[in-house]
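Look at the model first, then work through the points by topic.

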Amino acid sequence: MRNELKIFSGQAHVSLAEDICKKLDLSLGVAHISRFSNDNLFVSIEESVRDADVFVVQPSCYPVDTGLMELLLLIDALKRASAGRISAVVPYYPYARSDKKDQPRIPITARLVGDLLTTAGAQRIVTIDLHAPQIQGFFSIPVDHLTAIPILLDYFKKKEFYDLVVVSPDAGGAKLAELYSRNLNAPYAILDKRRCGIDRAQVRNVIGDVRDRDLLIIDDEISTAGSLRESVGVLKEHGARDIYVGCTHPIFSGSIKENLFQLDIVELVVTNTVPVSQDLQDKVKVLSVASLLAEAIKRIHSGGSISQLFHQETGGMM
Ligand code: R5P
């Protein structure tokens, strides 16, 4: 067992950090974050962290770069204050979709973020449902890759579907759809989706039978909901009945409002890895990941197993 467990938060999602603390019967660590008149960020840790086992909660959400910088400064301040171990808890990983060099002369920003976190002093990363699990390989420190699948599954298992088919919105999501279909005793279908520009996607084909059946579309994140709108349109053209949608990260950016209000779906279920703005909360069902993160932090602190948290649903896939 390490020394005292402490949890700090950047400004990205304070309510999530507070909920985690409540579950662990802890008070949120006190840190001061402000900005000088020259726009430089300033951070100070307002309590002793010497030898403590410290977790800093900061998912990536708007404004992304400010949030990332806050996280780096908090970690650096904790390191210089002699924290015993520093874990960065990033429920939604920054720049997760910039994970490969698929055009000439572009950066691999997800890798760069990994280097920045490690250089700042993070000794462990805790994250949820990475866009590509291979991002773990961008680190040479431990990465605890958690999943919100059991939370979403629990919710959908209570629904009464008519001849359910689980739908992957693209070929890359097939493994995830298969996992849901196994747990919900339903077949799965795959959409042949291609990106045709930034924030634009086109569905060319539906692989599988969706006619006269209820559908559950599963994705890791929804950003503008442009892909979702296109997918729902095509699935309806193919004769789908009621459509439900589940996703871990409600990034909700750009034309999200316009797209969300026009979606012909019964329900959109997300988690709170990032905050959902008040005006969209009546359009989506938000499930909390606070218990999941609290349990993971407790186990990491005491040297318990993380994989046992998910083994039943994922069969060790994560
Ligand atoms: C893409 O690979 C992801 O899994 C999501 O489908 C994508 O992030 C959704 O983006 P948008 O909501 O902007 O279409």
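Pro 63 sits in the loop between strand E4 (53-57) and helix H2 (64-80). A cis peptide bond joins Tyr 62 to Pro 63, with omega at about -10 degrees. This is a predicted model.

**Ligand shell**
- The shell around the ligand has 14 residues, and Asp 219, Asp 220, Thr 224, Ala 225 and Ser 227 come nearest.
- Three elements each supply at least two residues of the shell: strand E9 (188-195), strand E11 (215-222) and helix H6 (226-237).
- E11 gives the largest share, four residues.

- Ser 227 places an N or O atom of its side chain 2.4 Å from an oxygen atom of the ligand.
- Ala 225 uses its backbone instead: an N or O atom there lies 2.8 Å from a ligand oxygen.
- Glu 221 has a polar side-chain atom 3.2 Å from an oxygen atom of the ligand.
- On its own, the ligand has 380 Å² of accessible area, and the protein covers 93% of that.

**Ala 225**
- Ala 225 lies in the loop between E11 and H6.
- Its phi is near 70 degrees, a positive value in a residue other than glycine.
- Is Ala 225 buried or exposed? Ala 225 counts as buried, because its relative accessibility is 3% and the cut-off for buried is under 20%.

**Asp 163**
- Asp 163 is in the loop between helix H4 (149-157) and strand E8 (165-168).
- Phi of Asp 163 is near 50 degrees, again positive in a residue other than glycine.
- Asp 163 has a relative accessible area of 45%, so this residue is partly exposed. That class runs between the 20% and 50% limits.

**Hairpin E2-E3**
- Strand E2 (residues 31-35) pairs with strand E3 (residues 41-45) in the antiparallel sense, over five bridges.
- Within this pair, His 32 stands opposite Ser 44 in E3.
- The two strands, E2 and E3, form a hairpin with five residues between them.
- Asp 39 is in the turn and has a positive phi of about 80 degrees.

Key
Residues are numbered from 1 along each chain as its sequence is written. Side-chain values use heavy atoms; hydrogens and water are left out. A residue is near a molecule or strand if one of its heavy atoms lies within 4 Å of it. A polar contact is a pair of N or O atoms within 3.5 Å; within protein, one must be able to donate a hydrogen and the other to accept it, and residues adjacent in sequence count only if both atoms are side-chain atoms. Accessible areas come from the Shrake-Rupley method with a 1.4 Å probe; for residues, only the protein chains shown count as cover. Two strands pair if DSSP finds at least two bridges between them. Buried means under 20% relative accessible area, exposed over 50%, partly exposed in between (1.4 Å probe, protein chains only).
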